[in-house]
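Hello,

Here is the structure I said I would pass on. Have a look at it first, and my notes follow below.

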Amino acid sequence: MINAMKAEVHHHNIEENFVFSDTAKKSIFTVLVIGIIMFVIGVSMLALGGDSHAHDSHALANNGGDFIAVSEGNDHGHGHAYHWTNRLKVTFWHNSVFFIGLTIVGIFFTAIQYAAHAGWSAVLKRVPEAFGSFLPYAAVLLIASFAWGYHEIFHWTDSSIMDPNSPNYDPIIAGKKGFLNLPFYVGRMIIFIAGWYGFYFFLRKNSLAEDLEGGTHRFWKMKVIATLFIIFFAITTSIAAWDWVMSIDTHWFSTMFGWYNFASWFVAGLATITLAVLYLKDAGYLKAVNENHLHDLGKFVFAFSVFWTYIWFSQFLLIYYANIPEETIYFVERLRSDQYGKFIFINLFLNFFFPFLALMTRDAKRKAIILKIVCYAVIIGHWLDFYLMITPGTLKEHGGLGLLEIGLALIYSGVFAFVIAQALAKAPLIAKNHPMLQESLHHHI
Amino acid sequence: MAMEKDKHYLIGVFSDHDDLLHGIEDMRDKGVKIHEVYSPYPVHGLEHALGYKRSWMPKAAFGFGALGTTLAITMQVSMMAIDWPMIIGGKSYLAVPDFVPVSFEMTVLLAAFGMVGTFLVTRDLKPYKVPRIFDIRATDDKHIVAVDLAANKLSEEQISSLFKEAHAEEVYRRDFADEEKSPSFISYMVDLFTNGVTRSSRISTHR
């Protein structure tokens, strides 16, 4: 059997080049067009249906007195009436944060393979590596949506909140001025993205050089870069999570939030990597990737779904059990709300119960179709997780999940897939001089 | 001991685990039934070479885990909501999030204990077991393949030459007659209480 396996592997041509075919382009464009149509309909409905908001806020009045009473403390009514573009701004921000996460997880996945001397993944390592190519686009989208919407998304950006003489003065938020001020915030954002891109640039450069040169010295160099990147990544993703997501609910904080965001990004990124590998296999590429590699990817998705649940639940349970009002407000705003309450349970189902039960057995992890379904569920689930982190604090009762949100997510996905497919086509699909390639080709579990 | 209870084995000794794997595959292809293989370390792919079916132990683990969850939830609900309802921290009697950590721990605990127990029972690993040692070098640096002659249609000479073809370093016959039997559980316990721990770590005088 081992003999047969070796013979089979040697039969393949290891050198593969991905061609971004017209069929692939067509299916990506179909997603894009559907997304654009949904988005346009969603925006027009929102722009034209101004009356419905009166109805919405009316509904809120019946929502339980304590909810309104507590939320007033957080809601600095500094003259910003809700405008329908707020929802657009928040949706852009939500998708930008989610997709930049997927991008950096691709780089992070590559880095941990080098730091851990992992051999099994050598055959598919070009796939997560290509994710980094979306980083410049993700950065532009993130910075642009921040520039457009920061005033509506982050109420600490209102300078009157920090001013003791203003009626809007909030001593708690003013106490965070040292950290939450625009120059420092934007500076951090730029340093994080530039750092990630720098590490990606050198990883990619060495990886491509290895294709031409062979030998192991590139591998050792990449190991050093990867290790440094992991340290940088650990610190920066955590701070990015506070900045980009947690500072929306400025009064509230959780010491687990960095982990929690990382877990959400990481498992969604792993699911995206797995999906990309599966689609490449469907298109006839990555022939050397067999069910053993899929099994390992499946284990990653399974394990980090459980990890995410562990973090999510740890954060929730401590807040629930301690029952301190300034902490519980976060979950009161979500669970006690007609709009968002149901999503908490959908979130837990998609991100925990479904992947946990569906991927539990060995056979399930080795079957492409089950993996695909679970990966889609996990990606949608974590998109929803970020929706639940970002929308309730920004839009309050005006938030919704409709054509606008789904359409924009599809547009982002289409662009993401397009950029990554292009990056895959630029380099050989299999790093033929990777020192661990033979181990990967003979990977058997 | 009656003769029909005597056991006759042909033993093949291998040093290299690749020779072992390919040898086992070839011999099984030629119709040899292999009784057991003893290795100093886990050999990847050995269970495939021997044609073992997938273990049912993961299903047992799931069963024990599910039992743990069920017991934990039953215990907590009956304690906290039925038998002695108590308000703790302003929560309702049936505060489901509070039950999660205990349910999780009970799941893990029962799955782990259940698996250890299942493994010991199914592999017959009891402290008073008298092992049948084919070749003590299996604990050092050799892979030992045992073929039960009674279970095979091929003759001893045929199997022996197949062993040689498979690059076995050494082939010899071992007979087990008048073997010491494992004591029954009761006699083991009686022995334990009357004589203390005497049956510990028996040293084999086999080669």
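Helix H6 of chain B (residues 185-195) is hardly covered: among its 11 residues, the count of buried ones is 0. Buried here means that 20 or more other C-beta atoms lie within 10 Å of the residue's own; 12 or fewer makes a residue exposed, anything in between partly exposed, and C-beta atoms are placed from the backbone. Helices are DSSP runs of H or I with at least four residues, numbered from the N terminus. After H6(B) comes B:Gly196, with a positive phi near 75°.

Before you go further, please note that this is a predicted model: local features need pLDDT of at least 70 and side-chain atom pairs count only at pLDDT 80 or more, while totals for chains, interfaces and linings use all residues. Residues are numbered from 1 along each chain as its sequence is written, and chains are lettered from A and ligands numbered from 1 in the order in which they are written.

Now to the cores, meaning sets of buried Ala, Val, Leu, Ile, Met, Phe, Trp, Tyr and Cys residues joined through C-beta atoms within 7 Å. The largest nonpolar core has 115 residues, and among those with the most contacts inside it are A:Val267, A:Val301 and A:Val378. Helix H5 (residues 84-115) of chain A gives the most to this core, 16 residues. A second, separate core of 20 residues includes B:Tyr9 and B:Ile159.

Leaving aside neighbours within four places in sequence, A:Val267 is in contact (C-beta atoms, placed from the backbone, within 7 Å) with A:Val301, A:Phe304, A:Ser305, A:Trp308, A:Val378 and A:His382.

A:Val301 also belongs to the meeting of H12(A) with H14(A), where A:Phe302 and A:Trp308 are among the residues from H12(A), and A:Phe352 and A:Phe356 among those from H14(A). The residues of this contact divide into 7 nonpolar, 3 polar and no charged; Ala, Val, Leu, Ile, Met, Phe, Trp, Tyr, Cys and Pro count as nonpolar, Asp, Glu, Lys and Arg as charged, and the others, Gly among them, as polar.

What does each chain bring to the contact between A and B? Chain A gives 9 residues and chain B gives 9 residues. On the side of chain A, helix H12 (residues 291-322) gives the most, with 5 residues. That side divides into 7 nonpolar, 2 polar and no charged residues.

Finally, A:Leu441 counts as buried because it has 23 C-beta neighbours inside 10 Å.

Best wishes

Conventions:
Two residues are in contact if their C-beta atoms, placed from the backbone, lie within 7 Å. Helices (H or I, at least four residues) and strands (E, at least two) are DSSP runs, numbered from the N terminus.
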